[in-house]
Amino acid sequence: MARCPICGEALKWEEIIEQMLTLEDFENLLEDRDEFLKALDEFVFRCPHCGEEFWGRALDRREAPKVFELLNEFKGGIDYKNGKIRLKLTNLLALDVMLEEWDRKVGRGI
Ligand SMILES: [Zn+2]
């Protein structure tokens, strides 16, 4: 789960990525995973809870590539005109983790 590195509050990925929509080339970033992750690393986010700023590289490194995949899978979930992410990225990630667990269980034949 993404957390603010300053105050420790849980952050919603959709709100975090929304801040990145101010980048003019955000749409192009979605075409290249490495470019996207690099831009995320170097982006200065503002925590909606404590108002402090932090670098994207302080966020969960395992979840960021999944966020990239989800954004690509559901491109219609990004409202560029209004600068909104309509996808519930945080919920989708939780579901993704659940399905992985499920796969592991089924894989073990339980
Ligand atoms: Zn904070």
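## Ground rules

The model is predicted, so local features need pLDDT of at least 70 and side-chain atom pairs count only at pLDDT 80 or more, while totals for chains, interfaces and linings use all residues. Residues are numbered from 1 along each chain as its sequence is written.

Helices are DSSP runs (H or I, at least four residues), as are strands (E, at least two), numbered from the N terminus.

## α3 against α4

Helix α3 (residues 33–42) and helix α4 (residues 63–73) have axes that come within 10 Å and cross at roughly 125°. Axes here are lines fitted to C-alpha atoms, for helices over the stretch in contact, with angles from 0 to 180 degrees between N-to-C directions. That angle makes α3 oblique to α4 (under 35 degrees is roughly parallel, over 145 roughly antiparallel, 65 to 115 roughly perpendicular, the rest oblique).

On the α3 side, the contact (C-beta atoms, placed from the backbone, within 7 Å) uses R33, F36, L37 and L40; α4 brings A64, P65 and F68.

## The two sides of α4

Buried residues in α4 are A64, V67, F68, L70 and L71. They span an arc of only 165° around the axis, which puts them on the same side of α4; the arc is that of the directions from the helix axis to the C-beta atoms. Over on the other side, E69, N72 and E73 are exposed. (Buried is 20 or more other C-beta atoms within 10 Å of the residue's own, exposed 12 or fewer, partly exposed in between, with C-beta atoms placed from the backbone.)

What do the buried residues of α4 pack against? Their partners are α1, α3, β3 (78–79) and α5.

Note on methods
Two residues are in contact if their C-beta atoms, placed from the backbone, lie within 7 Å.
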